[in-house]
Amino acid sequence: MNDSGLGDGTRCVRGGHPEPVSGAPMLPGPVFAAPYHLGGAEGSGDSYGRAGNPTWRALEAAIGDLDGGRCVLLPSGMAAISTVLRALLRRGDALVLPGDGYYATRQFVREELTELELDVREIATPGPWTDDVFAGARLVLLETPSNPGLDVCDIAELAERAHRAGALLAVDNTTATPLGQRPLELGADIVVASDTKALAGHSDLLMGHVSVRDPGLAERVERARTLSGAIPGPFETWLVHRSMGTLDLRLARQAENAAALVAALRDHPAVSGLRWPGAPDDPSHELARRQMRRWGGVFRFELADAAAVEEFVRRSELVVAATSFGGLHSTVDRRAQWGDPVPEGFVRFSAGCEDPDDLVADVLQALS
Ligand SMILES: *Cc1c(COP(=O)(O)O)cnc(C)c1O
């Protein structure tokens, strides 16, 4: 079913589900089979669960519809990122990476791709995006809004400059989700994402995906998945599909909560460095408004030091310390503990789906 033209909520609810057939289940469950019966016409149906199965295809159809491309599911965000990097990069290639983005991406390149002797150029999301960043590059990876700093860069402009230099442009779209931003429509070649975060949104599984416009590239990524053997489990895949039905609702509440908290913390004496692209006075707001479709629930700020963050979490009734983001429950993560290049008191706050009044009251009392 092609749901293009329908609204986000409708597409989240209907995406990837079969046409109604009398007597068939309204919602198909996960298919766990390893081998499938053979003997039909060549190329008809599935043969083996590592190469493809109906549970993946249903979720891939739903996410691909939202991304505006062909989606290939991978078992985590890092599996999506590492599969794309391994599939595209050759010895000596130049690779542009976000210097302030998800730390494991840089670590993967540094530790697992050493044999490729890449020319790695780490550029912070706000730039400077000088011409020599692109010169001779094979692949440019952006992360916008960046995790954890929530800075934003101009996907359309940077895609055009990457293409002029002969490079492919990929965007890590984890923070925005496909409802918040459609990089393929803005000129990107590749979307990579961790669906562990807001897309699945219940903090109970890991998943990732790659979406591309070029069917040839999709087939390459599928082939890499089949041959590497690192595949998503059908049960987790089905849970993500089930969870995606409420993505529109969850994001709306998370963004409402983030807006309320950012307003409450703006002039708080204990808080500095507050950033959320959805705030009208945020330095990224104008650019974010041009390329994003809606806001998410993740913002960041600084308290005095690590002890102040610990005290805040201890006093809060509703906010727990946990890494990851985008779930139903509000969480904070002190990023310096993971080695992000940020101050000791820097926290990434993931607003959950609690009531805004409860959350604001709790956060303010925990900071008092
Ligand atoms: C979490 C995250 C990843 C990695 O995803 P996993 O599902 O944990 O492997 C990649 N990029 C960004 C921006 C993330 O936040």
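Ala, Val, Leu, Ile, Met, Phe, Trp, Tyr, Cys and Pro count here as nonpolar, Asp, Glu, Lys and Arg as charged, and the others, Gly among them, as polar. By these classes, the lining of the largest cavity has eight nonpolar, three polar and one charged residues. The structure is a predicted model. It holds a ligand that sits in the second largest pocket, and a search of the whole structure also finds four cavities of 30 Å³ or more.

**Ligand surroundings**

- The ligand is surrounded by 15 residues, and the closest are M78, D172, S194, T196 and K197.
- Sorted by class, this shell has six nonpolar, six polar and three charged residues.
- Helix α3 (residues 77-88) supplies the largest share of the shell, with three residues.

**Polar contacts and cover**

- The side chain of T196 places an N or O atom 2.7 Å from an oxygen atom of the ligand.
- For S194, an N or O atom of the side chain is 2.8 Å from a ligand oxygen atom.
- In N147, a polar side-chain atom lies 2.9 Å from an oxygen atom of the ligand.
- On its own the ligand has 380 Å² of accessible area, of which the protein covers 94%.

**Largest cavity**

- The volume of the largest cavity is about 90 Å³.
- Its lining includes P145, L150, T175 and A176, together with W276 and P277.
- M292, R294, W295, G296, G297 and V298 also line the largest cavity.

Definitions and conventions:
Residues are numbered from 1 along each chain as its sequence is written. This is a predicted model: local features need pLDDT of at least 70, side-chain atom pairs count only at pLDDT 80 or more; totals for chains, interfaces and linings use all residues. Side-chain values use heavy atoms; hydrogens and water are left out. A residue is near a molecule or strand if one of its heavy atoms lies within 4 Å of it. A polar contact is a pair of N or O atoms within 3.5 Å; within protein, one must be able to donate a hydrogen and the other to accept it, and residues adjacent in sequence count only if both atoms are side-chain atoms. Accessible areas come from the Shrake-Rupley method with a 1.4 Å probe; for residues, only the protein chains shown count as cover. On a 1 Å grid over the protein atoms alone, a cavity is a set of points where a 1.4 Å probe fits but cannot get out, and a pocket is an open set with protein on both sides within 12 Å along at least five of seven lines; lining residues have an atom within 4 Å of a point. A molecule sits in a cavity or pocket if more than half of its atoms lie within 2 Å of its grid points. Helices (H or I, at least four residues) and strands (E, at least two) are DSSP runs, numbered from the N terminus. Grid points are joined across faces, edges and corners, and a volume is the space filled by probe spheres set on the points.
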